[in-house]
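Please keep the sequence and the structure at hand while reading.

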Amino acid sequence: MPSENYRAIGATLCLLAACSASSALAHTGADHGGGGFTSGFTHPLLGLDHIIAMVAVGLWGVFLGAPAIWVLPIVFPLVMALGGVFGIIEVPLPGVEAGIALSAVVLGLCVALALKPPLWAAALVVGAFAIFHGYAHGTEMPIASDAVSYALGFVVATGLLHLCGIAFGNLARWPAGRFAVRAAGAFIAIAGGVFLSGIA
């Protein structure tokens with residue numbers, strides 16, 4: 001089997017595994033365990049709203065090309081860590097859950113429509129939404145956890161989800177793959193809309 005086929009299969013399995021998480025398990029605080037790194041690592045992976053938005057960052061980066069393909073997955077975790085600090089020290093931030101859901105809608109649409117704004121604008125969009133994701137992680141840090149280890153955990157998990165998006169996004173080099181990636185963006189936007197509506 002050609003190596004391209006192996007990469008395509010791997011990317012698809014990666015995305016399916018990421019999407020298998022249940023939104024019902026998101027944001028349950030103590031359910032993420034009491035450890036620092038482990039709790040932080042599992043928090044983004046147990047929430048479908050987090051997962052689809054983070055995968056969308058990778059997908060969008062592929063459409064934007066270099067250097068965005070690497071800049072966006074760096075900007076998101078860095079700003080998210082700042083949002084995590086805000087959450088841990090309890091800086092007031094309204095509309096966190098709505099902001100997370102809206103991030104999936106906007107980022108999904110960016111992928112579905114293959115939008116290509118200037119890099120600074122794309123980074124601004126990604127960074128603005130990262131604050132909400134980080135804040136949610138920070139406010140739900142288990143009491144006994146070490147803050148630094150916890151933050152390192154959710155940053156690493158987020159980076160891996162970005163890589164899943166980049167891996168799947170690489171299918172866009174083929175016409176059928178490009179359709180699949182844009183369809184994935186549409187799915188993410190719709191799922192975000194469902195979260196935003198409060199149905200899920």
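Contact, as the word is used here, means heavy atoms within 4.5 Å. The model is a predicted one, and what follows should be read with that in mind.

His-162 belongs to helix H7, which covers residues 147-169, and its relative accessible area is 0%. Because buried means under 20% relative accessible area, His-162 is classed as buried.

Which side chain does the side chain of His-137 meet in a polar contact? The partner is the side chain of His-43, at 2.5 Å. Again leaving aside neighbours within four places in sequence, the contacts of His-137 are His-43, Pro-44, His-50, Met-54, Met-80, Tyr-150 and Phe-154.

**Aromatic pairs**

A pair of aromatic rings is described by the distance of the centres and the angle of the planes. The count for this model comes to two aromatic pairs, and they are set out below.

| Pair | Distance of centres | Angle of planes | Class |
|---|---|---|---|
| Phe-37 and Phe-41 | 5.9 Å | 20 degrees | stacked |
| Tyr-150 and Phe-154 | 5.7 Å | 80 degrees | edge-to-face |

Phe-37 and Phe-41 are four residues apart in helix H2 (residues 36-45), and so are separated by about one helical turn. Phe-37 is partly exposed, with a relative accessible area of 36%, and Phe-41, at 25%, also counts as partly exposed.

Tyr-150 and Phe-154 are four residues apart in helix H7, which again places about one helical turn between them. Are these two residues buried or exposed? Tyr-150 is buried, with a relative accessible area of 0%, and Phe-154, at 1% relative accessibility, counts as buried too.

**Helices H3 and H8**

Helix H3 (residues 48-64) packs with helix H8 (residues 175-197) at an angle of about 145 degrees, and their axes are 10 Å apart. The crossing of H3 and H8 is left-handed. On the H3 side the contact is made by Leu-48, Asp-49, Ile-52, Ala-56, Leu-59 and Phe-63, while H8 supplies Arg-178, Val-181, Arg-182, Ala-184, Ile-188, Ala-191, Gly-192 and Phe-195. By class, this contact of H3 with H8 has ten nonpolar, one polar and three charged residues.

**Trp-60**

Helix H3 also holds Trp-60, which is buried, with a relative accessible area of 1%. What does Trp-60 touch, not counting residues up to four places away in sequence? The residues are Leu-72, Leu-107, Cys-110, Val-111, Leu-115, Pro-117, Ala-122, Val-125 and Val-126. Trp-60 and Gly-169 are 109 residues apart along the chain, and their C-alpha atoms are separated by 7.8 Å.

Conventions
Residues are numbered from 1 along each chain as its sequence is written. This is a predicted model: local features need pLDDT of at least 70, side-chain atom pairs count only at pLDDT 80 or more; totals for chains, interfaces and linings use all residues. Side-chain values use heavy atoms; hydrogens and water are left out. Helices (H or I, at least four residues) and strands (E, at least two) are DSSP runs, numbered from the N terminus. Buried means under 20% relative accessible area, exposed over 50%, partly exposed in between (1.4 Å probe, protein chains only). A polar contact is a pair of N or O atoms within 3.5 Å; within protein, one must be able to donate a hydrogen and the other to accept it, and residues adjacent in sequence count only if both atoms are side-chain atoms. Axes are lines fitted to C-alpha atoms, for helices over the stretch in contact, and angles run from 0 to 180 degrees between N-to-C directions. A crossing is left-handed if the near helix is turned anticlockwise from the far one by less than a right angle, and right-handed if clockwise. Ala, Val, Leu, Ile, Met, Phe, Trp, Tyr, Cys and Pro count as nonpolar, Asp, Glu, Lys and Arg as charged, and the others, Gly among them, as polar. Rings of Phe, Tyr and Trp (its six-membered ring) pair if their centres lie within 6.5 Å; planes under 30 degrees apart count as stacked, over 60 as edge-to-face and the rest as tilted.
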